[in-house]
Amino acid sequence: MSVLVLVLAVCAACCLGFGFVLQQNAAERAPLGDFLSPRLLLDLVRVPRWLAGMGLMVAGLVLGAIALGGGELTLVEPLLATNLLFALALSRVQTRQPLGRQGWAGLALLAGGVSAFIVAGEPRGGSAVTDPVRHWLIVGVMLGLALLLTLCAGRLRLTWGPALLALAAGLVYGVQDALTRVSGRRFSAGGLSELLTGWQPYAVVVLGISGLVLVQSAFETAPLRRSLPALTAAQPLAGIVCGVGFLGDRLHTDAGALAWEAAGLAAIVVGIVLLGLHPALPQGTGTGESGRERALERS
């Protein structure tokens, strides 16, 4: 396990967490008619705070890609989930809310869950699965589920819509991380020509833009606490499935290790939920949550 990979992954999580807070601060003021439309990005690109958040997000994605180039997806993804800790830290500065029991419990569960999963599973590399059917089946199931969640979010955007969009974005980003790992392997094997002759780098770009529209639509229609926890929980789970499913990542599979790995993942999810519901995370400004809901009902 490389210390450099750990440092890069945590730095990536820091950039992502700070970036998400700044993006949501700007997106909640965007026109509601841009919901699930690429026009939303065109409106937001003129907002300095959103551009700052995007700059941090891009930095996080670059650092994450470098970490994926040197470490397994099953190692990097749980570390990226700690972005919620950094989002909460920045939100605390904005809201001046103390952590309290809920915050400390969530922090302990998230940090402890990540540690338990990594120590028990000892993620390590292996030979990627060459069966294209298995590859496309896993990717198809993930993206198909993301599409289904997006369609449901369009009908339930007053209630569960933001959480469903965030779940969909998390699945998309998990697949994107897996394909980023594949792209890195292609580049290492044959350089730029080998990379550009494959479909994976182009899919990474398409998935990145699609995930961005989903995330910003979720940020636009609800406070951060109703979207970021779902995004943060879904992405590592999807990434781990892809890593073990077709990238060749290996984990310990004896009964004791599996029990600790499952407990670690459960603790990560519970910790994310507790932190996501913490009062320090923004509850919305400007029109206010109820005001946006009334506007959505009229649209």
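This is a stop-by-stop walk through the model, with something to select at each stop.

Before you start clicking, keep in mind that this is a predicted model, where local features need pLDDT of at least 70, side-chain atom pairs count only at pLDDT 80 or more, and totals for chains, interfaces and linings use all residues. Residues are numbered from 1 along each chain as its sequence is written, and side-chain values use heavy atoms, with hydrogens and water left out.

**Stop 1: helices α1 and α4**

Select residues 3–27 for α1 and residues 73–80 for α4. Helices here are DSSP runs (H or I, at least four residues), numbered from the N terminus. The two pack at an angle of about 35 degrees, and their axes are 8 Å apart. Those axes are lines fitted to C-alpha atoms over the stretch in contact, and angles run from 0 to 180 degrees between N-to-C directions. Turn the view and you'll find that α1 passes α4 in a right-handed crossing, that is, with the near helix turned clockwise from the far one by less than a right angle.

Now show side chains. From α1, pick Val5, Leu6, Ala9, Ala12, Ala13 and Leu16; they meet Leu75, Val76, Leu79 and Leu80 of α4. Contact means heavy atoms within 4.5 Å. What kinds of residue make up this contact of α1 with α4? They divide into 10 nonpolar, no polar and no charged. For that tally, Ala, Val, Leu, Ile, Met, Phe, Trp, Tyr, Cys and Pro count as nonpolar, Asp, Glu, Lys and Arg as charged, and the others, Gly among them, as polar.

**Stop 2: glutamate 77**

Stay on helix α4 and pick glutamate 77. Buried or exposed? At 1% relative accessibility, glutamate 77 counts as buried (buried is under 20% relative accessible area, exposed over 50%, partly exposed in between, with a 1.4 Å probe and protein chains only). Leaving out residues up to four places away in sequence, glutamate 77 touches Gly174, Asp177, Gln235, Pro236 and Gly239.

**Stop 3: aromatic pairs**

Next, go looking for rings. The count comes to three aromatic pairs, where rings of Phe, Tyr and Trp (its six-membered ring) pair if their centres lie within 6.5 Å; planes under 30 degrees apart are stacked, over 60 edge-to-face and the rest tilted.

Select phenylalanine 20 and phenylalanine 219. Their ring centres are 6.1 Å apart and the planes sit at 75 degrees, so this pair is edge-to-face. Phenylalanine 20 lies in α1 and phenylalanine 219 in helix α9 (residues 200–221), so the pair ties together parts that are 199 residues apart in sequence.

Then try tryptophan 136 and tryptophan 199. Here the centres are 4.8 Å apart with the planes at 25 degrees, so the pair is stacked. Tryptophan 136 belongs to helix α7 (residues 132–155), while tryptophan 199 is in the loop between α8 (161–196) and α9, so parts 63 residues apart in sequence are tied together. Tryptophan 136 is partly exposed at 49% relative accessibility, and tryptophan 199 is partly exposed at 35%.

**Stop 4**

Move to glutamine 200, in helix α9. Its relative accessible area is 8%, which makes glutamine 200 buried. Not counting residues up to four places away in sequence, glutamine 200 touches Leu179, Val182, Ser183 and Arg186.

Over in α7, pick alanine 146, which is buried at 4% relative accessibility. With neighbours within four places in sequence set aside, alanine 146 is in contact with Ala168, Leu171 and Val172.

**Stop 5: salt bridges**

A search of the whole structure finds two salt bridges, each a side-chain nitrogen of Lys or Arg within 4 Å of a carboxyl oxygen of Asp or Glu. One joins arginine 46 to aspartate 43, with the closest N and O atoms 2.8 Å apart; arginine 46 is exposed at 63% relative accessibility. Glutamate 194 and arginine 186 form a salt bridge with their closest N and O atoms 3.5 Å apart. Glutamate 194 is partly exposed, at 31%.

**Last stop: glutamate 122**

Finish in the loop between α6 (100–121) and α7, at glutamate 122. Most residues other than glycine have a negative phi. Check the backbone of glutamate 122: phi is near 45 degrees, a positive value in a residue other than glycine. Glutamate 122 is partly exposed, with a relative accessible area of 43%.
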